[in-house]
Amino acid sequence: MAYLILGLVLFLGVHLVRIVAEGWRQRMRQRLGEGAWKGVYSLLALAGLLLMVLGFAQVREQPVLLWLPPQGMRHLAALLTAVAFVLFAAAYVPGNGIKARVHHPMVAGVKLWALAHLLSNGMVVHLLVFGAFLAWAIACFAAARQRDRAEGTVYPPGRA
């Protein structure tokens, strides 16, 4: 469990820097340079991801069931996950209508993906992982929308 928690803290912590320490992030990017900053960021995120995978595998060996989700939740989770994948893709397709409406489709996709997994899995490990990702995505989406309003960001209308 320790590897899992450490991995979550490291991975999501790196991804929270823009929300909780934007000034520090900007200073570090200037001091290190864009390439070095991205390298350090990527290495820390990768280390967190690897720790999460290792910890998840270990915790699943001794599962603790909190609740037994209804069978239909698996079907709903599959549908929500498919929509989440469309949102993930929309983040990288320039000029699309989804990005024009959602503004931050990658984070919206993470919210949907995490919610889908919470609905269809009742084990402690799933609650910990997907609950942490859902909490991160909610905070990140709110911060990004607030940042857009403060900076007066206008998204161009997209195409279908």
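Predicted model: local features only at pLDDT ≥ 70, side-chain atom pairs only at ≥ 80, totals over all residues.
Me: Is A142 buried, partly exposed or exposed?

Reply: Buried means under 20% relative accessible area, exposed means over 50%, and partly exposed is in between (1.4 Å probe, protein chains only). A142 has a relative accessible area of 42%, so it counts as partly exposed.

Me: How do I read a pair of packed helices?

Reply: Two packed helices are described by the angle between their axes and the distance between the axes. Axes are lines fitted to C-alpha atoms, for helices over the stretch in contact, and angles run from 0 to 180 degrees between N-to-C directions. Angles under 35 degrees count as roughly parallel, over 145 as roughly antiparallel, 65 to 115 as roughly perpendicular, and the rest as oblique. Take helix α1 (residues 2–20) and helix α2 (residues 22–32): their axes come within 6 Å and cross at roughly 110 degrees. That makes α1 roughly perpendicular to α2. V17, R18 and V20 of α1 make the contact with E22, W24 and R25 of α2, where contact means heavy atoms within 4.5 Å.

Me: And how do α3 and α7 cross?

Reply: Their axes come within 10 Å, at roughly 150 degrees, so α3 and α7 are roughly antiparallel to each other. On the α3 side you'll find M52, F56, V59 and R60, meeting V125, H126, V129 and F133 in α7. By class, this contact has six nonpolar, one polar and one charged residues. Ala, Val, Leu, Ile, Met, Phe, Trp, Tyr, Cys and Pro count as nonpolar, Asp, Glu, Lys and Arg as charged, and the others, Gly among them, as polar.

Me: Which residues have the most contacts inside the largest nonpolar core?

Reply: In soluble globular proteins, nonpolar side chains tend to be buried together. A nonpolar core is a set of buried Ala, Val, Leu, Ile, Met, Phe, Trp, Tyr and Cys residues joined through side-chain atoms within 4.5 Å. The largest one here has 28 residues, and L4, L8, V129 and F133 have the most contacts inside it. Its largest share, nine residues, comes from α7. Leaving aside neighbours within four places in sequence, L4 touches several residues, including L51, F56 and V129.

Me: What is the phi of H103?

Reply: Most residues other than glycine have a negative phi, and most peptide bonds are trans. H103 has a phi near 75 degrees, a positive value in a residue other than glycine. You'll find H103 in the loop between α5 (97–102) and α6, and it is buried, with a relative accessible area of 19%.

Terms used. Residues numbered from 1 in each chain as written. Heavy atoms only, no water. Helix = DSSP H or I, 4+ residues; strand = E, 2+ residues; numbered from the N terminus.
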